[in-house]
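Subject: Handover of a structure

Dear colleague,

Please find below the structure that I am handing over to you. I would be grateful if you kept it open while reading the notes that come after it.

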Amino acid sequence: MDNDQITRRMLVLSGLALLTSGCSSSWQGMGVPVPSLFGNSSGVDPRYRRRHVRYEGYEAPGTLVVDTNQRYLYAVEEGGWATRYGIGVGEEGLTMKGKAVVGRKAEWPSWTPTASMIKRKPHLAQYAGGVSGGPHNPLGASALYLYRGGQDTMFRVHGTNEPWTIGHAVSNGCIRLTNEDIVDLYSRTPVGTEVLII
């Protein structure tokens with residue numbers, strides 16, 4: 001599916017989801033804001049909106065750098081630039097750190113809480129059989145699955161049907177972006193991309 005089809009599909013489905021909704025570098029500059037299809041209606045703090053920014057880290061172009069303290073994900077580009085996305089991160093003690101690679105990708109992925117999630121949050125037991133993909137799913141429009149040593153870490157970079165959580169530590173450890181931003185990141189991130197989580 002090409003990026004234009006994903007974007008149109010996201011516009012329609014995200015609009016429906018919003019109507020029905022009740023996881024060693026330095027950066028500088030404010031950057032150039034990237035226009036949103038949804039204006040301010042998504043509830044995302046403006047400082048976490050996607051921007052094209054100067055990047056002064058040492059990571060190679062194509063690398064994803066996740067800064068869990070600042071709540072930003074950087075897609076490193078050529079020439080000292082990056083696209084910066086606002087993110088939601090894991091609750092204290094639940095965030096993965098270090099290096100990983102994108103081991104696989106999925107559009108509108110299904111989701112099943114792990115046994116450890118259910119133990120920490122018993123109300124998730126109602127989803128033990130899994131939740132099908134779609135606007136109602138906690139993984140949102142797309143997901144990048146993080147692997148180490150060829151094994152799934154069970155951590156994801158994914159969309160969310162709760163965009164107001166961007167900028168906060170609320171997930172079970174995964175990195176979440178708005179659905180609009182994960183569609184953009186998904187389209188530019190191939191399997192095998194290196195990810196650094198700091």
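This is a predicted model: local features need pLDDT of at least 70, side-chain atom pairs count only at pLDDT 80 or more; totals for chains, interfaces and linings use all residues.

Residues are numbered from 1 along each chain as its sequence is written, and side-chain values use heavy atoms, with hydrogens and water left out.

Annotated positions

An unreviewed UniProt entry lists His-158 and Cys-174 under "active site"; such positions are given in the numbering used here, feature names are shortened, and annotations may be inferred rather than shown by experiment. The two are spread over 17 residues of sequence, yet they cluster in space, with a largest C-alpha distance of 7.5 Å. His-158 belongs to strand β9 (residues 151-158), whereas Cys-174 sits in the loop between β10 (169-171) and β11 (175-176). Strands (E, at least two residues) and helices (H or I, at least four) are DSSP runs, numbered from the N terminus. His-158 is buried, at 1% relative accessibility, and Cys-174 is also buried, at 1%. Buried means under 20% relative accessible area, exposed over 50%, and partly exposed in between (1.4 Å probe, protein chains only).

Leu-139

Leu-139 is placed in the loop between α2 (115-120) and β8 (142-148). Is this residue buried or exposed? Leu-139 is buried, because its relative accessible area is 4%. Leaving aside residues up to four places away in sequence, Leu-139 touches Pro-109, Ser-110, Trp-111, Tyr-145, His-158 and Gly-159, where contact means heavy atoms within 4.5 Å.

Salt bridges

How many salt bridges does the structure hold? There are eight, each being a side-chain nitrogen of Lys or Arg within 4 Å of a carboxyl oxygen of Asp or Glu. Among them, Asp-152 pairs with Arg-156 at 2.6 Å, N to O; Asp-152 is partly exposed at 28%, while Arg-156 is buried at 10%. Another joins Arg-176 and Glu-162 at 3.5 Å. Arg-176 lies in strand β11 and Glu-162 in the loop between β9 and β10, so this pair ties together parts that are 14 residues apart in sequence. Finally, salt bridges with shared partners link Arg-50, Glu-77, Glu-180, Asp-181, Asp-184 and Arg-188 into one network.

Yours sincerely
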